[in-house]
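This report describes a structure through its helix packing and through selected residues. The sequence and the coordinates are shown first, and the description follows.

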Amino acid sequence: PRAWNVAAHGRALAAYLRTHDEGRIAAALEACPDSVDARSLTARRVEAQSDELSLGAVIDAWKSVLAVRPHRFDALMLLGIAYAAQERLDLARSTWSHAFALDPEHPALLRNFVRLEALIGDVDQAQRWCERAKEPSVHLRSRYGIEALRELELERGWALLERADLRTSALGAE
């Protein structure tokens, strides 16, 4: 009996790929509720349609993927991003740490760590992540420094900019 469901699931996902009819994802999930691919497509759809008020739905969707495949890298990455957007930074960090254990050299994951640490003001930790990522930390620090200044997080912004380029340490607000 499972083989019939798997075949129906495959047909539904193939139809979705051709038509992008979201009803096909539901049909795939109906045939195989434990389908990681169908759950991931659902999570991506929820994410694409979300705003700040519906981040809980995004988190639930990615958790649904992780419930059947706890080591799915993209689900861990995107769940961490949703946590970070909700400013649940400890959860973002722990979720990304799980992903880091799976792929410690993934460039986007390393940039997520850089951004997280830079935006919470741990400039030294952001620098360590930059070094780990083999990224030009000057550019990352200046980008996050400017972003912090725009958010009127002056102390953090100036600390990042000063580390990016000593010439910026003497600049004033003007």
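A crossing of two helices is called left-handed if the near helix is turned anticlockwise from the far one by less than a right angle, and right-handed if clockwise. Helices (H or I, at least four residues) and strands (E, at least two) are DSSP runs, numbered from the N terminus. The model is a predicted one, in which local features need pLDDT of at least 70 and side-chain atom pairs count only at pLDDT 80 or more, while totals for chains, interfaces and linings use all residues. Residues are numbered from 1 along each chain as its sequence is written, and side-chain values use heavy atoms, with hydrogens and water left out.

**Overall composition**

The protein chain contains ten helices and zero strands. Read from the N terminus, its elements follow the order α-α-α-α-α-α-α-α-α-α. Of its 174 residues, 38% count as buried, where buried means under 20% relative accessible area, exposed over 50% and partly exposed in between (1.4 Å probe, protein chains only). Contact means heavy atoms within 4.5 Å. Among the contacts in the protein chain with a separation of 6 or more, 41% are accounted for by residues 24 or more positions apart.

**Helix pairs**

Two packed helices are described by the angle between their axes and the distance between the axes. Axes are lines fitted to C-alpha atoms, for helices over the stretch in contact, and angles run from 0 to 180 degrees between N-to-C directions. Angles under 35 degrees count as roughly parallel, over 145 as roughly antiparallel, 65 to 115 as roughly perpendicular and the rest as oblique.

| Helix pair | Angle between axes | Distance between axes |
|---|---|---|
| H3 (residues 36-48) and H4 (residues 55-68) | roughly 170° | within 9 Å |
| H5 (residues 73-85) and H6 | about 160° | 8 Å |
| H6 (residues 89-102) and H7 (residues 107-120) | about 155° | 10 Å |

With axes crossing at roughly 170°, H3 is therefore roughly antiparallel to H4. H3 passes H4 in a left-handed crossing. On the H3 side the contact is made by Val36, Arg39, Ser40, Ala43, Arg44, Val46 and Glu47, and on the H4 side by Ala57, Val58, Ala61, Trp62, Ser64, Val65, Ala67 and Val68. By class, these are ten nonpolar, two polar and three charged residues. In this classification Ala, Val, Leu, Ile, Met, Phe, Trp, Tyr, Cys and Pro count as nonpolar, Asp, Glu, Lys and Arg as charged, and the others, Gly among them, as polar.

H5 and H6 pack at an angle of about 160°, which makes H5 roughly antiparallel to H6. The crossing of H5 with H6 is left-handed. H5 contributes Phe73, Leu76, Met77, Leu79, Gly80, Ile81, Tyr83 and Ala84 to the contact, and H6 contributes Leu89, Leu91, Ala92, Thr95, Trp96, His98, Ala99 and Leu102. These residues divide into 13 nonpolar, three polar and no charged.

H6 also packs with H7, at an angle of about 155°, and the two helices are therefore roughly antiparallel to each other. Their crossing is left-handed. The contact involves Leu89, Arg93, Trp96, Ser97, Ala99 and Phe100 of H6, together with Leu109, Leu110, Asn112, Phe113, Leu116, Glu117 and Ile120 of H7. It comprises nine nonpolar, two polar and two charged residues.

**Selected residues**

Glu117 lies in H7 and counts as buried, at 5% relative accessibility. Not counting residues up to four places away in sequence, Glu117 touches Arg93, Asp122, Gln125, Ala126 and Trp129.

Ala126 also figures in a spatial relation with Leu160: their C-alpha atoms are separated by 9.4 Å, and the two residues are 34 residues apart along the chain. Leu160 is placed in helix H10 (residues 154-164) and is buried, with a relative accessible area of 0%.

Helix H1 (residues 2-19) holds His9, which is buried at a relative accessible area of 12%. The side chain of His9 makes a polar contact with the side chain of Ser35 (2.6 Å). A polar contact is a pair of N or O atoms within 3.5 Å; within protein, one must be able to donate a hydrogen and the other to accept it, and residues adjacent in sequence count only if both atoms are side-chain atoms. Leaving aside neighbours within four places in sequence, His9 is in contact with Ala28, Ala31, Cys32, Ser35 and Ala38.

Ala15 is likewise found in H1 and is buried, with a relative accessible area of 10%. Beyond its neighbours within four places in sequence, Ala15 is in contact with His20 and Arg24.
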